[in-house]
Amino acid sequence: MTSVDAVVPSEEKTLFRLVFTDRPGLFTLLLKNMGLTIITLGIYRFWARTALRRYWWSNVVIDGDSLEYTGTGAELFLGFLFFLLVVSPFGLVWGLLKAFAADPKWQAVLTLGFYVFLLFILLPVAMFRARRYRMSRTRWRGIRGGMTGSTLRFLAITIGGFVATILSCGILAPWMRIMQTRYITNCSSFGDQDLNFDGKSGGLILRWLAILALPALLVVVAGLMLAAAAAKHQASGEPVVPEASILAIIPIGLAVAIFAIGLIWYNVYEFRYTLNHTLIGTLRLRSLIEPFVVVGYVLGFFIVGGFAITLFLGTVIAFVVGIAAVFAQGQKEAMGAIIVVAVLVLYLVAFIAMSILRVLILDKAIVKMLVDTAALAGPGGLGEIRQSTVPMPGSGEGMADAFDLGAF
Amino acid sequence: MAIEGKYFNGLNSARHDVTLSVDVASQCLVMRDAGGAAERWPLAEIRLVERPISGFPVRYRRADRDGPRLSAGDDSLFLLKPACPNLRKTPPRERKAARLAFWIGAAAFGVAGLVIFSLPYFAHELALVFPPKLEQKIGLATDQTIRTLLGGGHQARLCQTAAGHDALDRLAFRLARAAGMENPPHIEVVDTPVLNALALPGNRVLVFRGLIDKAPDSNALAGVVAHEFGHIAYRHPLEAAIRQSGLSLLIGLLVGDVYGGSVVGGAALVLLNSAYSREAEEAADRAALTTLATAGIDSDGMAKFFRMVAQEERKSGGKTWPTFTMSHPDTGAREAMFRQEGHPGGLAMPDADWRKVKTICGVD
């Protein structure tokens, strides 16, 4: 890995590397979170998320002192209750309308309307408020972050960006994201130091286009294959050969896979770009993360993990079928019931194991790399930051919870 | 050897290297920097920021979350663990806790009020002014959902032998006239062995083949149909559908399904299980009694039917599908009511008609 020092221009006098310290106890924390969340039918999830965040935060060390997450599960829970009170009247009216619009056409219109409402209004609001909450609950050396700004303004920016993105067939998506990042960052502060974002979306749009190009080309190829098959059918009068349509699935599948990988790459690249263009007071954030390494981590985890889970499930299912055959003594129905129950239980176990392993192995590896490749650089030190005077929100991210925004 | 730490005053990020000691007399932790200046924390106020892990720095704060911080090596625990009684205690945030409790209480109260009072009232009022056209559509949708539920994947078949239907229509007409209803409800027979009948929104009654098969005579069928007509006259099905949709939606919101996808399915299920209140059932029974008396149909058929069904239940030990008695508890009391308050009378339909109804599904 390249050294952080290599990218610091000589006039930037100081450099503070971020270090991920890898405190033990993540596995037990995840087990406890999962167990209590299941037992409490999901209510514990607010406290689980808080505990996990406390873990991540406390592992990030800057200049010998780690971050501190001061949010509480009760605050998240309170935010969720707020969300219920605000949204449930809308939901109730909408649900009744939908239930009684027996006409499928109207049901479709209502469903679409609701998704538009979620996507355009609630989601940006939730994003913005969640960010504000997390900023205010982050401390370092007793100094906390803060965020001002208007939710409505952010909503307007997001809707504008979304319209531009749709009109440009998705090409301007990075522009929208940079607009959002700029507003959020410029509203943020740490202690008495304002955060500033000086990035532009030009370079990002070029990379985004590169990621869109190959999948788009493959989709065109698939379209041409289908068109050719249809033309042949018209010319010869023969029925459309299903093989031709099936073959068209190959470029489409390829396009989806390439786009998924490209998306991971792009997200990491954008993260790096965002960090490198963020200033805290006079200090600039630096990141040397290699997007391809993260892509490798994700692919590796899901290929190896998927293989291991399939192998495990295959073995156990074969075992269960054998046992079921012995116990059921030829009774087909009993055997079927045993197998169905066993498969359901196994599916649940695999799901839980996979979600714990994902955080334990993949998330941790990625976070560690993100942190270890980051630094603060610039003139001046870290000793003169005064405490923040930005007001703190009382409750946390109700809507963000409902939409499950933000892994951390 | 002195135990060392880093003190941050909570006002700025300046780091003060301090040595730690406990002053027993004043019950304070004393943090002294190189210049001799000292910061004092009462021992009872000192809290851990997070669970200490050996080999990692341990962080302390005072009861107030916003205040200063102390970070020290894990050897500081040897000094502070015996001295500080409240290291692991959550700070006193009574105000916050009280507010939280208030909101939880308000939310619970609100939801309970919504479910117990507002929703039934709302459903009742809405059912009275509900547009009939829309009700028809809901009835149709519920009909299809119920038949899909009964059919297990594909829709259960409707029995449509013309002769049988004519006989049923004549019965419906006679009972509706006796009950004072403007439009005779539309009766459909579903080809399923389930022993039940239900009223749907939109003036519809579903009779399951199992009920026709098991009914001792046409008077029993007439009694059940009159009971369902009673529900329709009181608009119970529509009310239940509205109530259930609201409830499904509420539950969906609480568990996170904000899209309310299960609303219609839930309404169909509740109708299938006939989850009306006891008062609604009694009202329908009374309506059935009056209707039978006005139409001149012997109510003893219904009483016989109740007894037969109860015996049937006992024999099979309560099979999987809900039946007339399972969803309407207290069969004995209802049998007694029909026996005592019922009136003798004639047959609901001629024997020839009853035979046609018996074979409405094509097989005997």
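**Strand pairing and helix packing**

In S11(B), Arg204(B) is the bridge partner of Leu200(B).

Me: In which sense do S10(B) and S11(B) pair, parallel or antiparallel?
Reply: This is a predicted model, and what follows is to be read as such. Strand S11 of chain B covers residues 204–208, and four bridges connect S10(B) with S11(B). Leu200(B) and Arg204(B) form one bridge pair between them, and the sense of the pairing is antiparallel.

Me: Which strands are the edge strands of the open sheet in chain B?
Reply: The open sheet has four strands in the order S8-S9-S11-S10 (chain B), and its pairing is mixed. An edge strand here pairs on one side only, and in chain B this holds for strand S8 (158–159) and strand S10 (197–200).

Me: Are H4(B) and H9(B) roughly parallel or roughly perpendicular to each other?
Reply: Helix H4 (residues 162–179) and helix H9 (residues 278–295) of chain B have axes 8 Å apart and pack at an angle of about 105°. Angles of 65 to 115 degrees count as roughly perpendicular. H4(B) and H9(B) are therefore roughly perpendicular.

Me: How many charged residues are in the contact of H4(B) with H9(B)?
Reply: From H4(B), the residues Arg174(B), Leu175(B), Ala178(B) and Ala179(B) meet Ala287(B), Thr291(B), Thr294(B) and Ala295(B) of H9(B). By class, this contact of H4(B) with H9(B) has five nonpolar residues and two polar ones, and the number of charged residues is one.

Me: What is the handedness of the crossing of H6(A) and H7(A)?
Reply: In chain A, helix H6 (residues 173–187) packs against helix H7 (residues 202–236) at an angle of about 140°, with the axes 8 Å apart. Ala173(A), Pro174(A), Trp175(A) and Ile178(A) of H6(A) meet Leu204(A), Ile205(A) and Trp208(A) of H7(A), and the residues of this contact are seven nonpolar, no polar and no charged. The crossing of H6(A) and H7(A) is right-handed.

Me: Is Asp22(A) buried or exposed?
Reply: Asp22(A) is found in the loop between S1 and helix H1 (26–39) of chain A, and has a positive phi of about 60° although it is not a glycine. With 10 other C-beta atoms within 10 Å, Asp22(A) is exposed.

Me: Is Arg141(A) buried or exposed?
Reply: Arg141(A) has its place in the loop between strand S4 (138–140) and strand S5 (143–147) of chain A. Its phi is near 55°, a positive value in a residue other than glycine. Since 28 C-beta neighbours lie inside 10 Å, Arg141(A) counts as buried.

Methods
Residues numbered from 1 in each chain as written. Chains lettered and ligands numbered in written order. Predicted model: local features only at pLDDT ≥ 70, side-chain atom pairs only at ≥ 80, totals over all residues. Pairing = 2+ DSSP bridges. Helix = DSSP H or I, 4+ residues; strand = E, 2+ residues; numbered from the N terminus. Axes fitted to C-alpha atoms, helices over the stretch in contact; angles between N-to-C directions. Left-handed = near helix turned anticlockwise from the far one by under 90°. Contact = placed C-beta atoms within 7 Å. Nonpolar A, V, L, I, M, F, W, Y, C, P; charged D, E, K, R; others polar. Parallel < 35°, antiparallel > 145°, perpendicular 65-115°, else oblique. Buried ≥ 20, exposed ≤ 12 C-beta atoms within 10 Å, placed from the backbone.
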